[in-house]
Amino acid sequence: MAKMPLGHSAGSTRSEDGSEAFLEGMVDWELSRLQRQCKVMEGERRAYSKEVHQRINKQLEEIQRLEGVRDKLQVQISVAQSQVKRLRDSERLENMGQLLKCRVQVQAEVRELQEQTRALDKQVGSGTRLCGPHLGAGMRTALSLSFLV
């Protein structure tokens, strides 16, 4: 039989043994409940961690896909800008060609007008000897002004 501490009766020992067993049972039950709860929480933590990693991986894949799209768009923009520059250059070359043709034509007209002016100056020059120096100068001025109009 179990030794009784001093000052305790045999009846009190039985009730203490019963309450100790009850307390031990309660402690075991509480410990078991907490262990089950811990396992459930650990499982939930793992599931959540797995879900977060999957979400992160999907986001990384989406980022890579979008970077690829961005790179393709930048290439398309560069190509389009090059085409626009080529079109502008081609238009400018065409305009320059037309301006050069006009320049050549204007230069030819200027030469022709200069020759006509020289011829008229010669005619007027011979008339000034006959009419006097002041009359010839006035006619040359009038003729020069008429060519400007």
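Which side chains meet in a salt bridge at 3.3 Å, N to O? They are those of Glu42 and Arg46, and the views below set this pair beside other features of the model.

This is a predicted model, in which local features need pLDDT of at least 70 and side-chain atom pairs count only at pLDDT 80 or more, while totals for chains, interfaces and linings use all residues. Residues are numbered from 1 along each chain as its sequence is written, and side-chain values use heavy atoms, with hydrogens and water left out.

**View 1. The whole protein has 2 helices and 0 strands.** Helices (H or I, at least four residues) and strands (E, at least two) are DSSP runs, numbered from the N terminus. Helix α1 covers residues 10-131. Of the 149 residues, 4% count as buried; buried means under 20% relative accessible area, exposed over 50%, and partly exposed in between (1.4 Å probe, protein chains only). The accessible surface comes to about 13500 Å², and 60% of that belongs to carbon and sulfur atoms. Accessible areas come from the Shrake-Rupley method with a 1.4 Å probe, and for residues only the protein chains shown count as cover.

**View 2. Glu42, Arg45 and Arg46 are linked in a network of salt bridges.** A salt bridge is a side-chain nitrogen of Lys or Arg within 4 Å of a carboxyl oxygen of Asp or Glu. Glu42 and Arg46 both lie in helix α1, 4 residues apart, about one turn of the helix. Glu42 is partly exposed because its relative accessible area is 27%, whereas Arg46, at 54%, counts as exposed. The search of the whole structure finds 6 salt bridges.

**View 3. Glu30 and Arg33 form a salt bridge with the closest N and O atoms 2.6 Å apart.** Both residues lie in helix α1, and their spacing of 3 residues is about one turn of the helix. Glu30 has 29% relative accessibility, so it counts as partly exposed. Arg33, at 30%, is also partly exposed.

**View 4. Asp71 forms a salt bridge with Arg70.** The closest N and O atoms of this pair are 3.5 Å apart. Asp71 is partly exposed, with a relative accessible area of 38%. Arg70 counts as partly exposed because its relative accessibility is 45%.

**View 5. Phe22, Leu23, Met26 and Trp29 make a nonpolar surface patch of about 460 Å².** Patches are made of residues with over 30% relative accessible area and no salt bridge; like charges are joined within 9 Å, and nonpolar side chains (Val, Leu, Ile, Met, Phe, Trp, Tyr) within 5 Å. Met26 lies in helix α1 and, at 40% relative accessibility, counts as partly exposed.

**View 6. Asp17, Glu20, Glu24 and Asp28 gather in a patch of negative charge on the surface.** Lys and Arg count as positive and Asp and Glu as negative, while His and the chain ends are not counted. The place of a charge is taken as NZ of Lys, CZ of Arg, CG of Asp or CD of Glu. Glu24 lies in helix α1.
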